[in-house]
Amino acid sequence: MFSRRNAALVEPEQTLPGRTERPFAVADRHKILDAPVITDEAPAGLEVAIFGLGCFWGAEEIYWQVPGVWSTSVGYAGGTTPNPTYDEVCSGRTNHTEAVRVVFDPSVVSYADLVKTFFEVHDPTQGFRQGNDVGTQYRSAIYYTTPEQEQTARELTAVYGAELERRRLGSVTTEIRPASETPYYYAEDAHQQYLAKNPFGYRCHANTGVKFPA
């Protein structure tokens, strides 16, 4: 029924209908950080960042190790279908990308540093793909939650993009959009902190090998 190799977004009216409520439960507590997994309301003083950088298992593992990160979760962002399932997202008929939601303390780690990590640990030039993972759900994306985040994201994307082009490694294809344009939907519990539950599980860390310029 579902193809995992879609190479183009579909028109919104052609996406799957989805549902009004999440069709599965998600655990209350983060297995590594012992914080809430569902963080629709971040505590006072914390900020939310949302990134798409390929398979969300490895992306979440990277971010939960960053000092200053309070909680992480994986989910689906940037699409149309409400409350999708993993198989629906992988069908390419929801227009979502696999995403990691990062709740962080900006007094410990800056949003800019999270964006720099984002660029260093995946390849932002591959379009609807990361390494061997092909499909619209693997696209590179930044969904900003404040005007300041937008400014930082666009400025750092320009800097990193210029460095990649200087090295003839391609052009950045990262999608940059306001998180308010489309809800973030939490993924199934089996996907939350997947690599904490399955330490030898799959990690896709396609990257350019280029550090963010000083």
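Does Thr97 count as buried or exposed, and why? Please also describe its surroundings.

Modeller: This is a predicted model, and the description that follows rests on it. Thr97 counts as buried because its relative accessibility is 0%, where buried means under 20%. The residue belongs to strand β3, which spans residues 97-104. A polar atom of the Thr97 side chain lies 3.1 Å from the backbone oxygen of Arg139. Leaving aside residues up to four places away in sequence, Thr97 touches Gly75, Tyr76 and Ala77, as well as Thr136, Gln137, Tyr138, Arg139, Ala141 and Tyr143.

The loop between α2 (86-90) and β3 contains Ser91. With 3% relative accessibility, Ser91 also counts as buried, and its side chain reaches the backbone nitrogen of Arg93 at 3.1 Å. Ser91 and Gly135 are separated by 44 residues in sequence, while their C-alpha atoms are 8.6 Å apart.

As for the sheet, six strands form an open arrangement in the order β7-β6-β1-β3-β2-β8, with mixed pairing. Strands β7 (175-178) and β8 (185-186) stand at the edges; each has a single partner strand, so one side of each lacks a neighbour in the sheet. Strand β2 (residues 69-77) pairs with β8 in the antiparallel sense over two bridges, and Gly75, one of the residues that Thr97 touches, stands opposite Tyr186 in β8.

Two helices complete the picture. Helix α1 (residues 56-64) lies across β1 (47-53), β2 and β3, at about 165 degrees to β2. Helix α3 (residues 111-120) packs on the sheet and touches β1, β2, β3 and β6 (140-144), its direction making about 10 degrees with that of β1.

Methods. Residues numbered from 1 in each chain as written. Predicted model: local features only at pLDDT ≥ 70, side-chain atom pairs only at ≥ 80, totals over all residues. Heavy atoms only, no water. Helix = DSSP H or I, 4+ residues; strand = E, 2+ residues; numbered from the N terminus. Buried < 20%, exposed > 50% of the residue type's maximum accessible area, 1.4 Å probe, protein only. Polar contact = N/O pair within 3.5 Å; in protein donor to acceptor, adjacent residues only side chain to side chain. Contact = heavy atoms within 4.5 Å. Pairing = 2+ DSSP bridges. Axes fitted to C-alpha atoms, helices over the stretch in contact; angles between N-to-C directions.
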